[in-house]
Structures are given as C-alpha cells and as structure tokens.
Amino acid sequence: MGVVSYNYESTSPVTPARLFKAFVLEADKVWPIAAPHAIKSIEVEANPGPGSIVKINFIEGLPFQYMKHQIGGHDENKFSYSYSLIEGGPLGDKLEKINYENKFEAAVGGGTVCKSSMKFYTVGDYVITKDEIKALIKGSEGVYKAIEAYLLANPDACN
C-alpha cells in the first residue's frame, strides 16, 4: 500500500459559513436539491458526528451508484471538516480509501478560499497519477458548482 498526498484550492463568491452549512451541517437536505443531476439522496447514520457513516446515493446512469464517507470531525468555528471515502465511488480495486481535510477560509475581498488536502491510500503496487487525481476532482466539481449556484440563487438558504 502506498499513500499519495495532494492539495487543492478553489474559490467561491459564497461566504465560508454558508458553504460549511451546505457541505457539512445540511448536506443531506441541500445536495439532492442543488445537484439533482447527480445526487439522488444522502443517508446519515445516527448523528453526523465523528465515526458516523454517510452514504451518498447517485442517480442512475452515473459511473458510481453510491459512496460512503466516514466522518472524521468538524469545527463549526473554523469552518473545517474531515472525512474518509471508505466504500464505493472511485475506490474500485485500486484505492483502499481517500482521506479529506477541508477548510473554508474567508477570501480577501469577500467570498471563500476552499482548501482541500487529500491522501490517497492505494492497494498493492498501484500508483495513482496526478492526472487521475485531477480527473477525480473534476468529477466532484460538478456537484460543488451546483451547490454553489444553488446558494447564490437562494440567498436565504444555509444562513
């Protein structure tokens, strides 16, 4: 097993507090409404706290039927959260898991800088390439941008 780390940043005109609510605290409600082209439903096991499992179900026709995240934790004051992708999605037989640490920081001039640190745990001798990582990020950007557009179109959501 190998471990490959990758850092990624993006920006958004939406405030850190609203993005944090949409992606962490209210994801089970917001994602299926904001991204119906991809997300069918989200199931949260018990309270969404450390160790809990979140299952994201995708609509038919996408490459993956579902994926499961195990929540690491979150800090509502720092707008940060962590989780591990432990089943489904892009893992297949080449990745054991992917750990994510994400933070929404206020950007100079307004909006947010979204910082993500990822660790890809590979199976056997497999080595994931930067191009494969970028393709995975690009795939998830569609949902991210849909949620961002939803928040911009609905200023009262996630306040």
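**Note on the sheet, its helices and its salt bridges**

1. Helix H2, residues 27–34, has Ala27, Val30, Trp31, Pro32 and Ala34 as its buried residues. The model discussed here is a predicted one. The cover over those buried H2 residues includes helix H1 (16–25), strands E2 and E3, and helix H3 (130–153).

2. How does H2 lie relative to E2 and E3? H2 lies across both strands, and its direction runs at about 175° to that of E2.

3. The strands form an open sheet of 7, in the order E1-E7-E6-E5-E4-E3-E2, with antiparallel pairing. Strand E1 (3–12) and E2 are the edge strands, each of which pairs on one side only. On average, neighbouring strands of the sheet are turned by 20° against each other, direction ignored. H3 packs on this sheet, where E1, E2 and strand E7 (112–122) are touched by the helix. The direction of H3 makes about 35° with that of E1.

4. Strand E3, residues 53–58, is mostly covered, with 5 of its 6 residues buried. E3 is also among the elements that cover the buried residues of H2.

5. On one side, E3 is joined to strand E2 (residues 39–44) by 5 bridges, and the two strands run antiparallel. Two of the bridge pairs can be named. Serine 41 has asparagine 57 in E3 as its bridge partner, and valine 44 is partnered by valine 54 in E3.

6. E3 is also joined to strand E4 (residues 66–75), again antiparallel, through 5 bridges. Here isoleucine 56 has methionine 67 in E4 as its bridge partner.

7. How many salt bridges does the structure hold? There are 4. Side chains of opposite charge can pair when their charged atoms come close. The points below describe three of these pairs in turn.

8. One of them brings together the side chains of lysine 68 and glutamate 87, at 4.0 Å from N to O. This pair links distant parts of the chain: lysine 68 belongs to strand E4 and glutamate 87 to strand E5 (residues 80–88), 19 residues apart. Lysine 68 counts as partly exposed because its relative accessibility is 23%. Glutamate 87, at 32% relative accessibility, also counts as partly exposed. For both residues, the class covers values between the 20% limit for buried and the 50% limit for exposed.

9. Which residues are linked in a network of salt bridges? They are Lys103, Glu105 and Lys115.

10. Lysine 115 counts as partly exposed at 32% relative accessibility.

Conventions. Residues are numbered from 1 along each chain as its sequence is written. This is a predicted model: local features need pLDDT of at least 70, side-chain atom pairs count only at pLDDT 80 or more; totals for chains, interfaces and linings use all residues. Side-chain values use heavy atoms; hydrogens and water are left out. Buried means under 20% relative accessible area, exposed over 50%, partly exposed in between (1.4 Å probe, protein chains only). Helices (H or I, at least four residues) and strands (E, at least two) are DSSP runs, numbered from the N terminus. Two strands pair if DSSP finds at least two bridges between them. Contact means heavy atoms within 4.5 Å. Axes are lines fitted to C-alpha atoms, for helices over the stretch in contact, and angles run from 0 to 180 degrees between N-to-C directions.
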